[in-house]
Amino acid sequence: MTSHAASDHPDIEKVLISEEEIRDRLSVLGKQISQAYEGEQVVVTAVLKGAFIVLADFARSLEVDTIFDFMAVSSYGASTKSSGVVRILKDLDVEIEGRHVLIVEDIVDSGLTLSYLLKNLRARGPKSVEVMALLVKPDAAKVDIGVKWTGFEVPNEFVVGYGLDYDERYRNLPYIGTLKPEVYS
Ligand code: 5GP
Ligand code: MG
Ligand code: MG
């Protein structure tokens, strides 16, 4: 059965990045990142929950020796504004001392979450720590984080889909889109 129901989701105002665009971009990034770590092992660390779909799709284009691990940090909750408070809800299972670490993020907005994570992980003595983020927002440029690999730049709007939620919903949408204003109220 052919269904176009997803892109017709009644709560979605606008699709910003289509499923096809995301797929193509992730495969390009997968190739670039595989080249960057050629001959090395890398601990690919996804930040839950938002990055779970990016990770799953992107992982299949990686052609290097990889170990996958997960971290969970506190996020916006049901709000659309960053609280500035970062809490580790789930830490890595593996030791990263002397290893290459690649953090996979869904989106970098204020950069607060990522700065905290980078500081925390660097203190463990890894060989390197780099970041791949599917999306970056304009404010991310203000903080000196250095996201090495970026999927797309998005405007300063709250987006959902492809792993990104609003109040834990909409993560399953296969594209990145904005919500209708009435959904927030
Ligand atoms: P930051 O600390 O960079 O401001 O934001 C980090 C986290 O906030 C992201 O990993 C994501 O969970 C959440 N976030 C930031 N912007 C958005 C957005 O536009 N949509 C959604 N769904 N989450 C966002
Ligand atoms: Mg995230
Ligand atoms: Mg969230």
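The model is predicted, so local features need pLDDT of at least 70 and side-chain atom pairs count only at pLDDT 80 or more, while totals for chains, interfaces and linings use all residues. Residues are numbered from 1 along each chain as its sequence is written, and chains are lettered from A and ligands numbered from 1 in the order in which they are written.

**Around ligand 1**
- Asp109, Ser110, Leu112, Thr113 and Leu164 come nearest among the 20 residues around ligand 1, where a residue is near if its C-beta atom, placed from the backbone, lies within 6 Å.
- Strand E5 (100–108), helix H3 (112–122) and strand E8 (159–160) each give at least two residues to this shell, and the largest share, four residues, is that of E5; helices (H or I, at least four residues) and strands (E, at least two) are DSSP runs, numbered from the N terminus.

**Helix H3**
- Thr113, Leu114 and Leu117 of H3 are buried, meaning that 20 or more other C-beta atoms lie within 10 Å of their own, C-beta atoms being placed from the backbone.
- These residues lie on the same side of H3 because they cover an arc of only 90° around the axis, taken from the directions from the helix axis to the C-beta atoms.

**Backbone details**
- The peptide bond from Leu48 to Lys49 is cis, with omega near -5°, and Lys49 lies in the loop between E2 and helix H2 (52–59).
- Tyr170, which is not a glycine, has a positive phi of about 75°, and Tyr170 counts as buried because it has 20 C-beta neighbours inside 10 Å.

Notes:
Buried ≥ 20, exposed ≤ 12 C-beta atoms within 10 Å, placed from the backbone.
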